[in-house]
Amino acid sequence: MEKSNKRVYLDNNATTMLDPKAKEKMDVYFCEKYGNPNSLHSFGTETHPAIREAFEYLYESINARDEDDIIITSCATESNNWALKGVYFDILRFGEKNHIITTEVEHPAILAACHFLEDLGVDITYLPIGESGTLNISELEAAITDKTALISVMWANNETGIIFPIEEIGAICKKHGILFHTDAVQAISKIPVDVQKCNIDLLSFSAHKFHGPKGIGGLYIKKGVKLTPLFHGGEHMGGRRSGTLNVPYIVAMGEAMRQATLYLDFERNNVRRLRDKLEDALLSIEDTFVVGNRSLRVPNTILISIRGVEGEAMLWDLNKYGIACSTGSACASEDLEANPVMSAIGADKELAHTAVRISLSRFTTEEEIDYAIEVFKKSIERLRAISSSY
């Protein structure tokens with residue numbers, strides 16, 4: 001197969017292209033309306049209408065109430081750290097409760113923060129996931145003690161796309177009087193997200209995962225939830241997060257969120273159709289395995305293992321033909337870390353090193369999927385022919 005000048009981006013769970021409509025809205029706030037929104041003069045105040053409009057889009061998209069807070073952060077990593085460490089300072093540090101429940105397949109921003117809190121004496125329960133890729137609700141409820149202050153579970157897994165039972169978890173948290181945080185980074189723009197329906201106290205999101213700019217995100221905080229700030233030094237965002245507001249990025253994030261909400265049905269239908277077309281073509285190849293029932297995943301994601309083909313080798317081969325995917329396998333050596341989700345669901349050691357994540361967006365085209373199918377099939381054939389394990 002000859003190299004092509006075609007380029008197909010299938011790594012949208014890592015980041016997304018900026019929505020052109022979001023870029024168009026933000027451009028004016030770099031060199032024309034560039035005032036500090038906290039300034040009293042007209043250069044500052046002329047930014048206020050666009051900021052208010054952006055916040056309205058953010059609130060509406062997750063069904064937040066006016067009395068709740070959405071605080072602008074630099075990204076979901078900051079939001080996740082703030083949620084966990086804020087709860088530590090407000091509840092766990094000197095209180096009677098010292099227990100947090102999460103899962104073993106959370107994003108590293110959650111897992112690393114939990115490990116940090118463990119060093120400070122916090123008791124953390126990491127719930128396992130089964131072969132289906134999700135957690136058992138009864139196991140979660142059984143893990144609750146009178147010391148449990150917080151449950152943090154992602155809305156959708158970044159590797160598999162599997163959707164966790166957030167509404168059920170929210171009901172359990174409400175019944176037991178426990179705070180509930182969810183990392184919704186991989187859910188927003190792909191499935192409906194409703195903080196009221198799911199009884200969510202804290203929710204993290206990141207703009208660049210729904211066609212907004214990189215370097216900005218947010219933390220939803222339900223009314224009445226105290227959360228000690230990570231940053232001090234000003235009264236920005238009602239004193240909850242100091243730092244001059246990034247007006248162009250806020251404007252772009254709001255517009256990107258608005259567009260993502262408008263395209264939810266498109267995600268359910270067209271993106272899912274293209275995902276399934278690609279998945280069916282790959283599963284028609286012998287010794288391939290996809291994690292999770294597709295009906296339980298967000299519409300854009302495939303985590304596939306191809307027996308006899310190291311994940312990293314597959315990525316290099318695809319990249320030669322202009323196709324971008326990702327893998328959780330750090331290296332081809334079995335002595336190094338395999339894809340953690342594959343290991344968590346009990347995949348054998350060889351298969352755990354062969355995982356490739358494919359993630360589409362609403363900008364992915366039928367022509368791109370047809371080309372990807374052709375390249376994947378040829379790459380698998382080529383790499384298996386030189387594999388020592390197949």
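Helices (H or I, at least four residues) and strands (E, at least two) are DSSP runs, numbered from the N terminus. By that rule the protein has 13 helices and twelve strands. The model is predicted: local features need pLDDT of at least 70, side-chain atom pairs count only at pLDDT 80 or more, and totals for chains, interfaces and linings use all residues. Residues are numbered from 1 along each chain as its sequence is written, and side-chain values use heavy atoms, with hydrogens and water left out.

## Overall form

The radius of gyration is taken over C-alpha atoms, and the globule rule is 2.2 Å times the number of residues to the power 0.38. For 390 residues, a compact globule would have a radius of gyration near 21 Å; the protein has 22 Å, which agrees. Along the principal axes, the C-alpha atoms fill a box of roughly 65 × 55 × 35 Å.

Burial is judged by relative accessible area: buried means under 20%, exposed over 50%, and partly exposed in between (1.4 Å probe, protein chains only). Buried residues make up 55% of the 390 residues. The protein exposes about 16,700 Å². Carbon and sulfur atoms supply 51% of that area. These areas come from the Shrake-Rupley method with a 1.4 Å probe; for residues, only the protein chains shown count as cover.

Contact means heavy atoms within 4.5 Å. Among contacts between residues at least 6 apart in sequence, 71% join residues at least 24 apart.

## Thr160 and its surroundings

Thr160 sits in the loop between strand S5 (148–152) and helix H7 (166–176). The residue is buried, with a relative accessible area of 1%. A polar atom of the Thr160 side chain lies 3.0 Å from the backbone nitrogen of Ile162. A polar contact is a pair of N or O atoms within 3.5 Å; within protein, one must be able to donate a hydrogen and the other to accept it, and residues adjacent in sequence count only if both atoms are side-chain atoms. Leaving aside neighbours within four places in sequence, Thr160 is in contact with Val291, Arg297, Thr301, Leu303 and Val341.

A salt bridge is a side-chain nitrogen of Lys or Arg within 4 Å of a carboxyl oxygen of Asp or Glu. The structure holds 23 salt bridges. Three of them are listed here, among them two that involve Asp276.

| Salt bridge | N to O distance |
|---|---|
| Arg275 and Asp276 | 2.7 Å |
| Asp276 and Arg294 | 3.8 Å |
| Lys277 and Asp370 | 2.7 Å |

What does the bridge between Asp276 and Arg294 tie together? Asp276 lies in helix H9 (residues 264–283), while Arg294 lies in the loop between strand S9 (288–290) and strand S10 (301–306), so the pair ties together parts that are 18 residues apart in sequence. Asp276 is buried at 15% relative accessible area. Arg294 is partly exposed at 24%. Arg275 is buried, as is Asp276.

The bridge between Lys277 and Asp370 joins two helices. Lys277 lies in helix H9 and Asp370 in helix H13 (residues 366–385), so this pair ties together parts that are 93 residues apart in sequence. Lys277 is partly exposed, with a relative accessible area of 29%. Asp370 is also partly exposed, at 38%.

A network of salt bridges links Arg275, Asp276, Glu279, Asp280, Arg294 and Arg297. Arg297 is also one of the contacts of Thr160.

Helix H13 also holds Val375. Val375 is buried, with a relative accessible area of 0%.

## Cysteines

A disulfide is a pair of cysteine sulfur atoms within 2.5 Å. How many disulfides does the whole structure contain? A search finds zero. Cys173 is in no disulfide; the nearest cysteine sulfur, that of Cys198, is 11 Å away. Cys173 is buried, at 0% relative accessible area. Cys325 counts as buried too, at 12%.

## Positive phi in two loops

Asn63 is not a glycine, and its phi is positive, near 60°. Asn63 is found in the loop between helix H3 (48–62) and strand S2 (69–73). This asparagine is partly exposed, with a relative accessible area of 31%.

Ser189 has a positive phi of about 90°, and is likewise not a glycine. The loop that holds Ser189 runs between strand S6 (179–183) and strand S7 (202–206). Ser189 counts as buried, at 10% relative accessibility.
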